[in-house]
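I opened the model to look up two things. The entries cover charged side-chain pairs and then pockets.

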Amino acid sequence: MTKKVLGGKDFDCFMGNSMVHVVEASVKITDGRKPKMVRGIPKGWIDGPVEAEVTLKLDHENFLLVQAQAQQAGSWKGIEPFDVAFTASVAAGDLNVEAFGCMPQLEELLNIKAEGGEENTFSIKCPITSPDFVHINGVPYLTADEVRNL
């Protein structure tokens, strides 16, 4: 017997307290750990910086939800960083990805085709600014030692 696996239609996306419907979304992590080299041979590893970014592609209706936050803040750059959560549950399992302190930056304001046939979309990238960083199914990506005293 087969089970339904996770697909894009299974996810709910929350920006702060607002549920939004995304055309596309991604959460990308850059982990700066790298091997320590001795005479060209790996010998251990060195911890490095980490960064992450959420990218949201929205239709006009959902873009207006973010615009309302900009109006309330007085400007687009005035929107305070917010948390973004992606949640899904199907028979094959659950997935909950949380990104903390997402600072919204308009990336693609207009994406139209003159011949029509496609909806205009908006792209917002959100670099992560919180030491809470990213949690996957409740498990933090960063170690407790890395975020101590932050």
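Entry 1, Lys-57. I looked up the exposure of Lys-57 and found it partly exposed, at a relative accessible area of 22%. In these notes buried means under 20% relative accessible area, exposed over 50%, and partly exposed in between, with a 1.4 Å probe and protein chains only. This is a predicted model, in which local features need pLDDT of at least 70 and side-chain atom pairs count only at pLDDT 80 or more, while totals for chains, interfaces and linings use all residues. Residues are numbered from 1 along each chain as its sequence is written, and side-chain values use heavy atoms, with hydrogens and water left out.

I searched the whole structure and got 4 salt bridges, each being a side-chain nitrogen of Lys or Arg within 4 Å of a carboxyl oxygen of Asp or Glu. One of them joins Lys-57 to Glu-24, at 4.0 Å from N to O. Lys-57 sits in strand E6 (residues 50-58) and Glu-24 in strand E3 (residues 22-31), so this pair ties together parts 33 residues apart in sequence. Strands (E, at least two residues) and helices (H or I, at least four) are DSSP runs, numbered from the N terminus. I have Glu-24 as partly exposed, at 49% relative accessibility.

Glu-118 and Lys-113 form a salt bridge at 3.9 Å, N to O. Glu-118 is exposed at 55%, whereas Lys-113 is partly exposed at 37%. I also noted Asp-145 with Arg-148, whose closest N and O atoms are 3.2 Å apart.

I read off a volume of about 270 Å³ for the largest pocket. Of its 15 lining residues, Gly-8, Phe-11, Val-22, Ala-25 and Phe-86 are the closest to the centre. A pocket is an open set of points on a 1 Å grid over the protein atoms alone, where a 1.4 Å probe fits, with protein on both sides within 12 Å along at least five of seven lines; lining residues have an atom within 4 Å of a point. Volume is the space filled by probe spheres set on the points, which are joined across faces, edges and corners.

Which strand gives the most to this lining? Strand E3 does, with 6 residues. Strands E1 (12-15), E2 (18-20) and E3 each supply at least two. I counted the lining by class as 10 nonpolar, 3 polar and 2 charged. Nonpolar covers Ala, Val, Leu, Ile, Met, Phe, Trp, Tyr, Cys and Pro; charged covers Asp, Glu, Lys and Arg; the others, Gly among them, are polar.
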